[in-house]
Amino acid sequence: MRKILLIIFDGLADLPIADLGGKTPLEMAKIPNLNRLASMSMCGLQNAHPKGEYPSSDDSHFEILGYDYKKYLPGRGVLEALGISINLSKNDLALRVNFGSVDENLVVLDPRAGNIKDVRSLTDLIHHKKINTFDFYLTAGLLHRATLVIKGPAVSKEVHHHSTIVMDTDPHKAKNHIGGNKVIRPEPIDNSIEAKMTADALWEYQIKTHQELDMASENEARVLSGILPANFLLTRGAGFIGEIPSFYEKYNLNAACVAGGHLYKGIAKYMGMDVINVKGATGDEKTDVKAKITKSLELLKHGYDFVFMHIKATDLISEEEGDFLKKIAFLEKADKYFKLLLDYKGVLCITGDHATPCILKDHSDDPVPIMIFGGHNDKCLKFNEKSCLNGGLGHIRGADIMGLLREESKNV
């Protein structure tokens with residue numbers, strides 16, 4: 001069997017933009033190497049979720065990697081925690097956190113606190129707190145993100161979509177990204193005493209940390225400079241670590257992951273892949289794409305059958321800035337290093353997890369282009385939403401991708 005390289009550009013697809021003459025960033029970008037690969041591939045469109053469903057990154061990656069997220073997703077918090085190498089016990093409740101900006105009435109002014117670039121000093125300030133019988137531990141992640149782990153005797157595992165025990169408090173997510181919403185007070189999802197204790201303690205923790213963050217010298221300096229303070233911990237994706245078949249058990253493939261973003265490292269760890277740290281893999285537009293591709297090819301030569309490589313910048317630029325010119329520039333910069341793959345002899349799949357249109361600054365259910373290189377081709381000449389619409393793969397589900405790649409790997 002031939003080796004498999006799966007490259008996912010997060011938030012790759014977009015919508016037509018008037019200022020680009022009705023074209024998408026992918027259509028406008030000068031990406032000769034990606035287009036060359038597409039011309040030697042079978043192309044098409046894919047959706048990790050059915051039309052009409054909001055595609056989160058964790059859900060979408062689970063589907064593309066062949067895991068039913070409704071059955072196996074442990075909660076975003078668990079994956080983020082694993083991605084920053086937090087050791088979780090089976091009774092630790094993990095939550096994804098955004099440092100956001102709120103006013104005196106707890107109305108969210110910005111769910112990313114003015115796109116703050118580093119929250120380590122703020123997390124150090126409130127790293128550990130004890131509320132009743134619970135211990136709260138906060139650890140910084142990438143940019144505005146952090147992970148909260150709650151330890152204590154109250155454990156309840158009634159699962160409801162993204163969250164376990166307590167509902168999301170981030171209205172940016174719970175209310176479909178509509179601005180100007182008040183922070184949602186955490187509520188228990190099931191009727192257990194344990195869940196209510198957890199929810200009440202979490203709210204007390206959020207209020208106390210809000211008060212401390214408001215008075216933090218760093219936030220006072222931000223306000224004096226006309227910058228929004230990072231003064232509230234918005235939580236979502238609560239969950240416990242669970243049991244899941246490993247990637248090797250599922251596919252009989254030795255798998256590795258090359259990524260900069262913590263979520264994607266966490267997904268790989270949860271599935272039993274080896275996570276390989278690459279110098280320069282930052283998870284933003286400064287990430288070293290050349291180093292990531294070079295390392296991925298090296299791993300496939302030396303012991304691994306499958307490599308999952310992730311590029312986050314396309315999503316960050318679209319969602320946090322809505323800057324289509326910057327998205328084009330990043331695609332063009334990244335494309336230079338895809339020349340390294342033109343002589344690759346294995347199976348290569350390039351796609352995105354979901355669309356993140358710049359005009360929406362949010363995920364959407366629009367289809368994502370996909371190419372599978374390594375055998376057949378359909379003469380699709382360009383890698384973009386419009387060209388791939390007529391590709392030989394047609395319009396497939398994300399859950400179909402691993403099956404197609406495994407079948408293609410058998411065609412030696």
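**Aromatic pairs and a buried helix**

Mentor: Welcome! A search of this whole structure, a predicted model, turns up seven aromatic pairs.

Trainee: Why is the pair F9 and F338 called stacked?

Mentor: Their ring centres are 5.7 Å apart and their planes meet at 25 degrees. Pairing needs centres within 6.5 Å, and planes under 30 degrees apart count as stacked, so this pair is stacked. The pair also links distant parts of the chain: F9 sits in strand β1 (residues 4-9), while F338 is in the loop between α14 and β14, 329 residues apart.

Trainee: What makes F9 count as buried?

Mentor: F9 has a relative accessible area of 1%, and buried means under 20%, so F9 is buried. F338, at 0%, counts as buried too.

Trainee: Why is the pair Y67 and Y72 called edge-to-face?

Mentor: The angle between their planes is 80 degrees, with 5.8 Å from centre to centre. Planes over 60 degrees apart count as edge-to-face, so the label follows. Together with F62, these two tyrosines form one aromatic cluster.

Trainee: How do you know that Y72 is buried?

Mentor: Its relative accessible area is 18%, and the cut-off is under 20%, so Y72 is buried. Y67 is buried as well, at 1%, and K250 lies over the face of Y67, 5.1 Å from the ring centre.

Note on methods. Residues numbered from 1 in each chain as written. Predicted model: local features only at pLDDT ≥ 70, side-chain atom pairs only at ≥ 80, totals over all residues. Heavy atoms only, no water. Phe/Tyr/Trp six-rings, centres within 6.5 Å; stacked < 30°, edge-to-face > 60°. Helix = DSSP H or I, 4+ residues; strand = E, 2+ residues; numbered from the N terminus. Buried < 20%, exposed > 50% of the residue type's maximum accessible area, 1.4 Å probe, protein only. Lys NZ or Arg CZ within 6 Å of the ring centre and 35° of its normal.
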